[in-house]
Amino acid sequence: MKATFILLLFWMCIEVTWSQDSIPRQEGRVLEIKGHWFTFQAQDFFSSMKVDPGMLSQQRGGQLSNTLTFLPGVSALSTGVGIAKPVIRGFSGARVAVIDMGIRQEGQQWGNDHGLEWDQFSIGNLTIVKGAASMEFGGDALGGALVIEHEPWPENKSSSQILAVVSNNNRQRGWSVFHQQVLKLSNGVSARWGARITRLSTDDYRVPVDSFTYLNRTLPLKNGVLSNTATQENHITAFSEWRFPNGGLRSLRLTYRLNDTQSGLFPGFVGVPTMQSVAGDGDKSNFSLPRVNNLHQKLLLAMQFKAGGDFIRMNVGFQRSNRVELSRPHQPGFVPFNADSLSLGLTLNTTQWNLGKDWILPNAWRLKTGLQFQLKQNEVRGNEFLIPGFNQHQQAFFATIVDQTKFQFHQFLGFRVEQGGIVIKGYQQPWYDVDQPTDSVLVRALPFAKRSMGWAAQYGWTWNGPKDWQVHSVLGKVYRIPQINEWAINGIHHGSHRHEKGNAELKWESGYQWDANVMKEWENGHAQLTGFVAYYDNFIFLAPQSYFSDLPDGGQVYAYLQREVLWTGGELFLDWHPLNWWNADISLEALYTREIQTGLGLPFVPPIVMKFNQRWSWIKGNHHEWAFLINMRNAFDQNRVSRNERATPGYFVINANLQYSYKWFNQRSISFVLQCNNVNNSVYYNHLSLYRPMNLAEQGRWIQGTMALNF
Amino acid sequence: MKVNMKMQWVVMGMMVLTIFSCKPEEVQDVERPVINSVMVNSVQQETHELTAGNSFVVQVGLTDNEDLSQLKINVHSADDGHGHVDLPGYEGLENVGLWSYSRVFDLSGTASSPTSTIAIPDTITGIWHLEIMAIDKAGNESDEKVYNLVVLP
């Protein structure tokens, strides 16, 4: 099977390589199509969507990950309101990298219930990469990447923004203030500094049902409120940037980000839910136990040097992620007398250093090279245990070569080699008998060390055909280093009651991916068909075992395995703007996964989804602009599920949105957005929500208002 | 060029057909085992009133379409992580003392009815949960059953 697949891929590679000689060398175009909400870019090693910043402000969905879900191929893995992470073509977590100013975000992302630590307002430019972006971003970008850049330089000496948001469901309220100032220095040096502060709070989450069923019992939800699910977010971003017209150092940018979130956890998520616990304490905005506090800080430095005719880039980043889970001690045998409520404390320190150089070669070929180093150190504490402490190092080299000649046919080739090692600390948990320590301990993690090497390679081409046809194809081998949980988790993840077990024998995940886009552009619209096929010879996933946990409150053991897996799918997107004031687009996205040994699907795979957007806008004079937008989403039943995973029925949801903005001179404006989500008050389940196993429906009809003053 | 591109699509189609035409190596059992009955002292109901210091007998009846693997009986405090519990008729009953019980039975065949006798410490009172779970050889998990055990002095 594996040999057949590799042979076929190899054959296809040869076919593509041979084909270049027959290409007429005509003047080509940039392979880019501008849609209403985003710009498709089929560039070099991947196809991507550069998201229009206006979309982010007009379609806000509570969390950045949720905001992006109306883009084709993007969904979110969520836990209620405050916790969500992006899903690209069904990949998430360890397989979707978030790149901030060239540095990969590192937190406790190994848990599905651990959200992305990000200020949704602090995004200048956002590019979503669909498909492997492993060459430059590493194995963690095997499924895709979110590439985030700063706010652009202001056109005037300064720019500011005051933003406020309110919502009726879970009473979300918050504000964000941004200011940046340009400084003119001597000798042509320009500089700017800026800062954004954001605060967001929500009350308990509400759903359009008055009961839920879990563990074979139905429990009431008073007024549809999930008790103890309030959230609070505080974010700070501060940056400074200098640009130098002469000398070796040409630019320098220093950024500090702080993301502090507190989330209450629905008691049904921790332990067995009871009538009293789900009824709550009556206060919808407080945090009681259990809850999660997450503090993520990072300091990023980006520099660019000029050496001869070429540029050298250097990025340095230090990140510290501190996650604390608090609950009343509830694991009999593991809790000493007078134990505090710290059930789990995880502190991860990460240092990264990237160095890269672009070379311009004869015949307009561009060579890009890079070196990357990363050090991680994780410490654990608390009454419970999930993952052990560890020290990890990775170093990689990559080189990509791109044919930049402006001809009809372009091609590119990339190679990456990475070496990494990890030292995992053992963990022995003392056993208590009636509050007293005994001599016995339970070994939860054995110490071990791993050292390995992997490589990735990609070859691709783009073709600008006649009559505005464009084709882009990338083929490659990818790899991914297993995460700490895949190697060494050994404990109970709340909510699932299942005991998750790592596997010290795991090898680096590897696979072969093919990705293609066919695009056709008309005067008033365009169409895009994307297809991808991936075969992984040792895909890592969590699979149920035929035995129970030996932990007192553990259920079935789910262990990490490596199996042959097929992952394929595609997206069809049509964008039509018959008039200046009218734009319509529709997308259809589908995924198919298959564990080849058993023929079963993989867990947490999005269903087939159809998304339909219509936008009408009116501009009156030089100042007034109105817009009305309708977004419809139809998800089909997801019946292709993994073992023990529930099937999820389909749903249909309508969102509507009214916008008004008044513009003064010099880019000053004020805008209001009134957004009604789930207008049809549909009671539906999200297959990717961690609330799904508890039969908890998604939010009903809710209204959100946003005001933004830009000056 | 066109010929080569067409050839690629043909190859791609062949790849997809190759993969989709592969039959799984195992015929999959995806049917969950079923817990048909859980009796405490020969009584089947949601809440059981028990006395500290006594023993009680749990008998579980379960079936599977192919081959059962394990049954787990677990008792743990209902006071786990989210405040004390009130049940109608037992308002204000605080959990006193520590008690937990866990036992795993290895099973085989398509039907089984294991029995366990569980001793209650004489130092405890309050509300505990009795959880019953089963798995078959393929890893299919039954729907979990949870019952209240009210332990009185």
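Let's start inside: the largest nonpolar core holds 91 residues, and those touching the most other members are A:Ile99, A:Ile128, A:Ala141, A:Ala145 and B:Trp128. Strand E33 of chain A (residues 525-548) supplies the largest share of this core, with nine residues. Nonpolar side chains tend to be buried together in soluble globular proteins.

Keep in mind that this is a predicted model. For the complex, the predictor gives an ipTM of 0.81 and a pTM of 0.86.

Back to A:Ile99. Leaving out residues up to four places away in sequence, A:Ile99 touches A:Arg104, A:Phe137, A:Ala145, A:Leu146, A:Val147 and A:Ile148.

Chain A as a whole has 711 residues, and 49% of them are buried. Its secondary structure comes to six helices and 40 strands. Among contacts in chain A with a separation of 6 or more, 65% are between residues 24 or more positions apart.

Now for chain B. Its pLDDT averages 82, and 76% of the residues score at least 70. Residues 81-85 of chain B fall below 50, though in the model this stretch has 24 contacts beyond near neighbours in sequence.

Chain B also has an open sheet of five strands with mixed pairing, in the order E2-E9-E8-E4-E5. From one strand to the next, the twist averages 20°. Here are the edge strands, each pairing on one side only:

| Edge strand | Residues |
|---|---|
| E2 (chain B) | 47-51 |
| E5 (chain B) | 101-106 |

Within chain B, strand E4 (residues 68-77) and strand E8 (residues 126-136) run antiparallel and are joined by nine bridges. B:Ile73 has B:Ile132 in E8(B) as its bridge partner.

Methods: Residues are numbered from 1 along each chain as its sequence is written. Chains are lettered from A and ligands numbered from 1 in the order in which they are written. This is a predicted model: local features need pLDDT of at least 70, side-chain atom pairs count only at pLDDT 80 or more; totals for chains, interfaces and linings use all residues. Helices (H or I, at least four residues) and strands (E, at least two) are DSSP runs, numbered from the N terminus. A residue is buried if 20 or more other C-beta atoms lie within 10 Å of its own, exposed if 12 or fewer, and partly exposed in between; C-beta atoms are placed from the backbone. Two residues are in contact if their C-beta atoms, placed from the backbone, lie within 7 Å. A nonpolar core is a set of buried Ala, Val, Leu, Ile, Met, Phe, Trp, Tyr and Cys residues joined through C-beta atoms within 7 Å. pLDDT is the predictor's confidence in each residue, from 0 to 100. Two strands pair if DSSP finds at least two bridges between them. Axes are lines fitted to C-alpha atoms, for helices over the stretch in contact, and angles run from 0 to 180 degrees between N-to-C directions.
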